[in-house]
Structure formats: structure tokens, C-alpha cells
Amino acid sequence: MPISELNPLQQIETLYADHERWLLGWLRRKLGGAQDAADIAQDTFVRILATRDALVGIEEPRAYLTTIAKRLLVDRSRRAVVERTYLAEMARLAERLPTYPSPESVLMAVQALEQIGAAVEDMTAKVREAFLRHYLDGETHADIAASLGVSTRMVRKYLVQALLSFRARCPALAEHGA
């Protein structure tokens, strides 16, 4: 039976059965580690499960899987940049302060980062892309608009949506005026 005649869950099961080992091998070669590859492979299929009608019209399943996996790798590397920046700032502050941050302060910061990460993951692809490009990469609204194929007004709307997502997802940050 052709994959297009299966229900969406069966399509995903077939995609997983036919290509999971290949994707895992591709990611292992790309990342150099089995654990990281397994995590990204799992996240790839979770992302597909979360998308309705994800497999409608997919003619090249491996290209589809690698596209999703590459996007997850980009998201992961951006998250790592945020973490490194935070840790570097904490180290810089620690040098200037007479004592290190309390365990409670570190826990609160880690929890805030987890909330921020969850908020970013909940955003639609274009909202997340606009947010990350603007606030992490420092790109202008015009540059983002050109790369996303939308107007600068739409980029502003995406950024407002991102900030509203943070406000809803990160109440502690909203209380402190962040």
C-alpha cells in the first residue's frame, strides 16, 4: 500500500521504520557522537508528530528528515550560544563580586533559561526565526524580512508575538520588567 493511503500516524510509523537508522547514522557522522545523534533523531520525529499532515506530498523523505534535523541542530547551537554567553557573564561577575552567586540564584537563573527555551520552542517557525535572528544574531528587520520573504511590518509582528510568548511562558521575567 502506498504511504499516501495510510493515515498520518501510520505514515509517521512507516517513515520511522524505513529511515530512523539512516537518520541516526547521518547524525552520528555529522555530530561525532551517538548520544547527541540519538537525541536529535528523536527530536526530529517528535517534531514530525507535532505537525499535522506533515507527510502530505513528501516525495523525498530523507531530504525532509535532514531538513528538520538541520533546523534542530541550528536551534541547539543557538541555545548553546545563549548558555555560553550566560556562563561567561556569570564568570565575569564572579570575578568582580566578593562572593559567588548563591545556589538559589543559580537555580533561579537556570529555571528562567529553561522557561525561555520552552517559550522559544513553542513559537512558530517564522516567529522563532525572526526572534533569534534579531535578538541573538543582531540582524535588522529588513534583513530578516528579506530572508523570510515577508514585509518588515510582518517581522515586527513576529517579534511582538515572540515577546508575548515570553510574557505568557515566563511570568517571573514579566514581573521584573524583562
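The exercises below work through a predicted model of one protein chain.

**Exercise 1.** State which secondary structure elements the chain holds, and in what order.

Solution. Start with the count: the chain has 8 helices and 0 strands.

**Exercise 2.** Describe how helices α5 and α7 are placed relative to each other, and what kinds of residues form their contact.

Solution. Step one is to locate the helices: α5 spans residues 125–135 and α7 spans residues 152–169. Step two is the geometry: their axes come within 8 Å and cross at roughly 95°. Angles of 65 to 115 degrees count as roughly perpendicular, and α5 and α7 are therefore roughly perpendicular to each other. Step three is the list of residues. From α5 come Lys-126, Val-127, Ala-130, Phe-131, His-134 and Tyr-135, which meet Tyr-158, Leu-159, Gln-161, Ala-162, Leu-163 and Phe-166 of α7. Sorted by kind, the residues of this contact are 9 nonpolar, 2 polar and 1 charged.

**Exercise 3.** Decide whether Arg-47 is buried, partly exposed or exposed, and list its contacts beyond four places in sequence.

Solution. Arg-47 lies in helix α2, residues 34–50. Its relative accessible area is 27%. Buried means under 20% and exposed means over 50%, so Arg-47 is partly exposed. Leaving out residues up to four places away in sequence, Arg-47 touches Ile-68, Leu-72, Asp-75 and Arg-128. For Ile-68, the separation from Arg-47 is 21 residues in sequence and 7.9 Å in space, C-alpha to C-alpha.

Conventions: Residues numbered from 1 in each chain as written. Predicted model: local features only at pLDDT ≥ 70, side-chain atom pairs only at ≥ 80, totals over all residues. Heavy atoms only, no water. Axes fitted to C-alpha atoms, helices over the stretch in contact; angles between N-to-C directions. Helix = DSSP H or I, 4+ residues; strand = E, 2+ residues; numbered from the N terminus. Parallel < 35°, antiparallel > 145°, perpendicular 65-115°, else oblique. Contact = heavy atoms within 4.5 Å. Nonpolar A, V, L, I, M, F, W, Y, C, P; charged D, E, K, R; others polar. Buried < 20%, exposed > 50% of the residue type's maximum accessible area, 1.4 Å probe, protein only.
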